[in-house]
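Q: Could you walk me through this structure and show me how to read its features?

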Amino acid sequence: MTTAQPAMLVEVEAVSKRFTPQLSLGDRLAALLGSPVETRTVHAVDRVSFGLEQGEVLGLVGESGCGKSTLGRVIAGIHPPSEGRASIAGETVMGDGRTPLKRTTRIQMVFQDPFASLDPRVRIGETISEGPLAHGLVSRTDAPAYVARWLTAVGLPVEAAERFPHQFSGGQRQRVAIARALAMQPDVLVCDEPVASLDVSIQAQIINLFLKLRRELGLTMLFISHDLGVVRHLCDRVAIMYLGRIVEIGPAAEIFAAPRHPYTRALLDSVPKLVTGSDELVTFKPIQGELPSPLSPPPGCHFHQRCPRAEARCRSDAPQLAGGTDEGTGHRVSCHFPLAGEA
Amino acid sequence: MTEASTPLARFWDEFRHNTVAVIALGVVIAISIMAIAAPLISPQNPYDLANLVLMDARRPPGFVGSKGFTHWLGTDAQGRDLLSAILYGLRISIQIGLIAGAIAFALGATLGAFAAFFGGRIEALIMRVIDLQLSFPAILLALVLAALLGQGKWPLIAALVTAQYAYFARTAHGAASAERSKDYVDAALSTPLAARRVVFRHILPNCLPPLIVVATVQVANSIALEATLSFLGLGLPVTEPSLGMLIANGFQYMLSGRYWISIYPGVALIVLIVAINLVGDQVRDQLNPRLRR
């Protein structure tokens, strides 16, 4: 951690997000009368800090339910963080107050399911133009041309503006969703598993579209995914998340070549591989056990129950994200007994 | 653009398979047209006291009055031609039902959707008030209000709206809560768009199907409620009799054999309400995915 760190465009500082369901009237009365009431708080994100440099693509990887989508939504300003702060160029994403509102348009989001993220009753043209109109990025008279420009940029015909979402396929809808996000002229794009619900052949098209847009617009991206292949192809840096915490973060090439956290290692090993020119069946090693419940996360290191290297210390003492052998690359790991870094 | 049929055309395609609903819809439309055209087709203006001949009062159906035309449904105690009075009465009943229904729809849907959108204390406050109100019988509430506000069209509408907006609010709240958790709302919030726009442009249009069903039923209900209030003498002034008041006026003559003064307005009212409800049933069947065949 020396002065070599360049200024970060996006700063995520100790962000936590907990969900506590509202108690029913009956439960509240019971609590008032002194009976113990169980509050089921979900610890989705637990004190996560990281930064995004201008122009980089950071992959956020983890199992289903590890909190990566929630973290993405906090950064995109959809959920206010329970603690901590997400900011872009020093400006906090969400205001304070009882009903916090998003204050910036510089971070936009693309969602996983393009069938759910487009309002079925609104024409594509209005879907794309309503944000820019509301924020004065374009005048009403210029709006059709503006919409046409972004439709072209994502590879859709200009006539698409007059249609409704149900007239499009999944891949086309995802292009519309991307156009909607980009029409706000953001600096940062949060992509929450944007290709996970698409056919494999369509996935490649959308990934290539992201690569092209990134090159042309100089976008900074947080790319949330559980697909290691996609992340390896697209991302400069990778953050591995486990049960609400980041366990390892660093340059993509380094993480894939020499993971240092046992969980990252296990995640990489659990990808089935096809090896040509060998009669041996290459078996992959699935990770033992299940993700613990975020309702009651285990003490100490969250991974200790499934970790082959766990010792007594791991059960009581939560490790901090710290630099390893070569700090110059910013490769950091949160483990008491990190792997040596041999692939 | 590839599909030639609009959603409305597809809706009608399914609707016309239910013969009863089609007939009911025909009846509703026919009654509505007759009510709208009442000044043109009715033989007499029942509101113009100069037109009424007291000599012709309480005559049975088919009586040829002193003005030279046949009273097909007889006359009431003031010598009004009942057919004309029913047509004019329907006109008022439908008008009040629609206006009260529309206001209750707008008010209730807005309240319910905003409650669902904001959640937390705002939601708890709005929904508890509505729960409280739903625990009173609507007729009781309307009676109290009609008595407090006095007679006339607008006090009556106010009473009907108060008695009914809660049904819209609860339906809108349920539907909007489901929509609130969908990604397109999150997408609108991440843009960010103002709460007003998210609710009115995105959430409410997607809540319309259940609200339309409630609206059909509630228009029928407010017509019935209006008739009840008028029957009890709390509705419209005597000079503009609605169906409820016609029934009430004839009530005292029922046992003396002059059944027509009460029965015919009653029949008109029942046919209208039953027809609206039949249409509403079919609309509900079509809009509720769980009832789909």
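A: Gladly! Helices (DSSP runs of H or I, at least four residues) and strands (runs of E, at least two) are numbered from the N terminus. With that in hand, helix H6 of chain A covers residues 200–217, and H6(A) is followed by Gly218(A), whose phi is positive, near 60 degrees. A word on the source: this is a predicted model, where local features need pLDDT of at least 70, side-chain atom pairs count only at pLDDT 80 or more, and totals for chains, interfaces and linings use all residues. Residues are numbered from 1 along each chain as its sequence is written, while chains are lettered from A and ligands numbered from 1 in the order in which they are written.

Q: What span should the 18 residues of H6(A) have?

A: The expected span of a helix is 1.5 Å times one less than its number of residues. For H6(A) that gives 26 Å, and the end C-alpha atoms are 26 Å apart, which agrees.

Q: How do I read a sheet, and which strands stand at the edges in chain A?

A: Two strands pair if DSSP finds at least two bridges between them. Here an open sheet of 4 strands in chain A has the order S2-S1-S4-S5, with antiparallel pairing. Strands S2 (42–52) and S5 (91–92) of chain A are at the edges; each has a single partner strand, so one side of each lacks a neighbour in the sheet. Between S4(A) (residues 83–88) and S5(A) there are 2 bridges, and Ser87(A) stands opposite Thr92(A) in S5(A).

Q: Where do chains A and B meet, and how many residues does each give?

A: Two residues are in contact if their C-beta atoms, placed from the backbone, lie within 7 Å. Chain A gives 22 residues to the contact and chain B gives 18. On the chain A side, the largest share, 3 residues, comes from H3(A).

Q: Which residues touch the most other members of the largest nonpolar core?

A: A nonpolar core is a set of buried Ala, Val, Leu, Ile, Met, Phe, Trp, Tyr and Cys residues joined through C-beta atoms within 7 Å. A residue is buried if 20 or more other C-beta atoms lie within 10 Å of its own, exposed if 12 or fewer, and partly exposed in between, with C-beta atoms placed from the backbone. The largest core has 162 residues, and those touching the most other members include Ile75(A), Phe223(A) and Ile86(B). Helix H4 of chain B (residues 82–118) gives the most to this core, with 20 residues. Leaving aside neighbours within four places in sequence, Ile86(B) is in contact with residues including Leu73(B), Leu246(B) and Tyr264(B).
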